[in-house]
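This report covers metal sites, ring contacts and one annotated region. Please look over the sequence and structure first.

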Amino acid sequence: MSDLVDRVKSVLPSVRADLGALVRIESVWADPARRDEVRRSAEMVSKLLSEAGFDDIRTVSEGGAPAVIARHPAPPGAPTVLLYAHHDVQPEGDVSQWASAPFEPTERDGRLYGRGTADDKAGIATHLAAIRAFEGDLPVGVTVFVEGEEESGSPSLGALLGAHRDLLSADVIVIADSMNWTTAVPSLTVSLRGLADCVVEVATLDHGLHSGMWGGVVPDAVSALVRLLASLHDDDGNVAVEGLHEGSAADVEYPPEQVREETGMLAGVTQIGTGSVAERLWAKPAITVIGIDTTPIATSSNTLIPTARAKVSMRVAPGGDAGRHLEALTRHLEQHAPWGARVTVTPGDLGQPYAIDATGPVYDAARTAFRQAWGTDAIDMGVGGSIPFIAEFAAAFPDAKILVTGVEDPATQAHSINESLDLGVLERAATSEALLLEALGALHR
Ligand code: BES
Ligand code: MN
Ligand code: MN
């Protein structure tokens with residue numbers, strides 16, 4: 001074991017450099033102007049895997065972003081492990097708010113800053129480090145699958161699966177795209193929420209009107225939209241849509257003060273919803289308004305606005321069905337229009353939630369690997385975020401054991417400004433993954 005741990009340590013500087021090179025590529029699939037960047041990042045992933053000794057590598061796409069599939073055959077009798085990560089990243093947002101340029105990897109105080117340093121190019125780095133540590137002598141079959149449209153809801157994943165099912169089939173699937181309890185305490189992610197979103201348009205008029213002449217009698221669309229959106233929560237901040245699924249959460253100590261520290265909520269702002277923090281984050285639905293289109297203040301005038309739109313994003317608790325939840329949300333929006341306003345709901349993306357029964361020898365091996373690499377036991381945790389890939393692969397390969405790991409920590413700020421990766425976490429995550437592969441090889445011998 002200590003040999004392998006040392007070898008992970010010795011490959012880390014090169015992995016850290018390759019992670020930097022990946023971060024320099026602006027692989028934002030959601031931005032049509034940067035699709036060539038996504039192609040370049042797929043090329044780099046493929047080149048890195050080729051250098052790591054994989055002979056069977058292909059870049060595939062089924063009408064969507066390029067994904068890389070690299071395969072190393074299993075030694076006789078050994079299982080095949082699929083290592084998943086995604087090479088696309090979220091848009092950088094307001095560049096002026098970043099402390100260093102988003103696509104210029106920058107190290108400060110043991111953390112590497114930049115878009116995708118954690119979510120999820122560090123997942124790729126973790127797999128590379130674990131693979132390189134074996135110096136070509138892998139104890140299990142390894143298939144690396146790095147997709148390029150996870151942040152867009154993996155719309156062509158089903159088609160990719162259909163076209164390459166044989167290449168992707170595995171006994172164990174390791175998804176390095178989640179988080180750890182802290183930078184010192186690892187986690188095994190045992191549940192993720194799903195996602196369902198839509199755009200709601202509210203119309204009160206077919207053209208704008210002088211707000212002085214008609215205001216007070218004729219309703220404007222923004223005021224109507226705001227009232228409609230307000231109906232999505234009750235006064236305590238619980239989701240007020242009927243017919244949504246609620247489950248129960250892993251039994252962990254997660255005090256509200258910890259949430260305050262981890263998120264930087266402004267002083268005086270209260271937390272919403274009832275139930276424990278873990279229940280609210282992992283096992284209950286949540287609704288967020290993530291965008292509004294209406295007249296910007298700069299071009300506003302004293303005019304009653306005729307139409308306004310909002311994008312509403314809902315998290316679906318494990319056990320619920322994302323499609324049903326979108327229907328319930330749509331019904332709610334259609335039925336709560338104030339003042340008879342016209343409401344049109346355009347359905348958006350769906351991603352199913354997933355809960356894992358983390359018992360049995362594969363999960364025991366993972367827990368042992370975590371303990372050896374981190375020096376402390378892993379906590380079973382749920383996460384509020386979504387990885388639609390998981391439910392799709394679980395349905396396609398019902399016998400595969402799914403392990404959700406990752407390198408994020410509460411300070412990572414994924415999707416926000418100043419995203420970062422704790423470099424100590426990268427080392428511990430890579431070490432536990434290498435130890436896991438070794439243990440899985442031994443398990444079947
Ligand atoms: N890595 C995240 C999922 C995640 C979030 C895991 C928080 C653990 C904690 C992933 O890249 C992500 O952001 N997923 C999207 C999915 C969506 C686009 C369908 C999400 O959760 O919004
Ligand atoms: Mn991710
Ligand atoms: Mn993400």
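How far apart are the manganese ion (ligand 3) and the manganese ion (ligand 2), and which aspartate coordinates both? The two ions are 3.5 Å apart, and aspartate 119 coordinates both. The model is predicted.

## Manganese ion (ligand 3)

The donors to the manganese ion (ligand 3) are Asp119 (OD), Glu151 (OE), Glu151 (OE) and His415 (NE2), at 2.1 to 2.6 Å. Along the sequence, the donor residues follow the spacing D-x31-E-x263-H. Aspartate 119 and glutamate 151 link distant parts of the chain, 32 residues apart. Aspartate 119 lies in the loop between β5 (111-113) and α3 (121-133). Glutamate 151 lies in the loop between β6 and α4 (157-168). Both aspartate 119 and glutamate 151 are buried.

The site of the manganese ion (ligand 3) is irregular, with angles of 55 to 155 degrees among its six donor atoms. For six octahedral donors, ideal angles at a metal are 90 or 180 degrees.

## Manganese ion (ligand 2)

His86 (NE2), Asp119 (OD), Asp177 (OD) and Asp177 (OD) coordinate the manganese ion (ligand 2), at 2.0 to 2.6 Å. This site is irregular too. Angles among the six donor atoms of the manganese ion (ligand 2) run from 54 to 163 degrees.

The donor residues of the manganese ion (ligand 2) are spaced H-x32-D-x57-D in sequence. Histidine 86 and aspartate 177 link distant parts of the chain, 91 residues apart. Histidine 86 is in strand β3 (residues 80-86), and aspartate 177 is in strand β7 (residues 172-179).

## Aromatic pairs

How many aromatic pairs does the model hold? The count comes to eight. In one of them, the rings of tyrosine 84 and phenylalanine 145 have their centres 6.2 Å apart. Their planes stand at 50 degrees, so the pair is tilted. Tyrosine 84 is in strand β3 and phenylalanine 145 in strand β6 (residues 141-147), 61 residues apart. Both tyrosine 84 and phenylalanine 145 are buried.

Phenylalanine 145 also forms an aromatic pair with phenylalanine 393. That pair is stacked, at 5.8 Å centre to centre and 25 degrees between the planes. Phenylalanine 145 lies in strand β6 and phenylalanine 393 in helix α11 (residues 388-396), so the pair ties together parts that are 248 residues apart in sequence. Phenylalanine 393 is buried, as is phenylalanine 145. Ring pairs join Tyr84, Phe145, Phe389, Phe393 and Phe397 into a cluster.

## Charges over rings

Which arginines sit over aromatic rings? One is arginine 35, which lies over the face of tryptophan 29, 4.0 Å from the ring centre. Another is arginine 108, whose charged end sits over the ring of tyrosine 113, 4.0 Å from its centre.

## Annotated region

UniProt lists residues 191-340 as "domain: Peptidase M20 dimerisation", in an unreviewed entry. In the model, the chain over residues 191-340 is 29% helix and 23% strand. The end C-alpha atoms of residues 191-340 are 40 Å apart.

Terms used: Residues numbered from 1 in each chain as written. Chains lettered and ligands numbered in written order. Predicted model: local features only at pLDDT ≥ 70, side-chain atom pairs only at ≥ 80, totals over all residues. Heavy atoms only, no water. Donors = N, O, S within 2.8 Å, 3.2 Å for Na, K, Ca; no water. Tetrahedral: all angles 85-135°; square planar, octahedral: opposite > 155°, others 65-115°. Helix = DSSP H or I, 4+ residues; strand = E, 2+ residues; numbered from the N terminus. UniProt positions renumbered as here; feature names shortened; annotations may be inferred. Phe/Tyr/Trp six-rings, centres within 6.5 Å; stacked < 30°, edge-to-face > 60°. Buried < 20%, exposed > 50% of the residue type's maximum accessible area, 1.4 Å probe, protein only. Lys NZ or Arg CZ within 6 Å of the ring centre and 35° of its normal.
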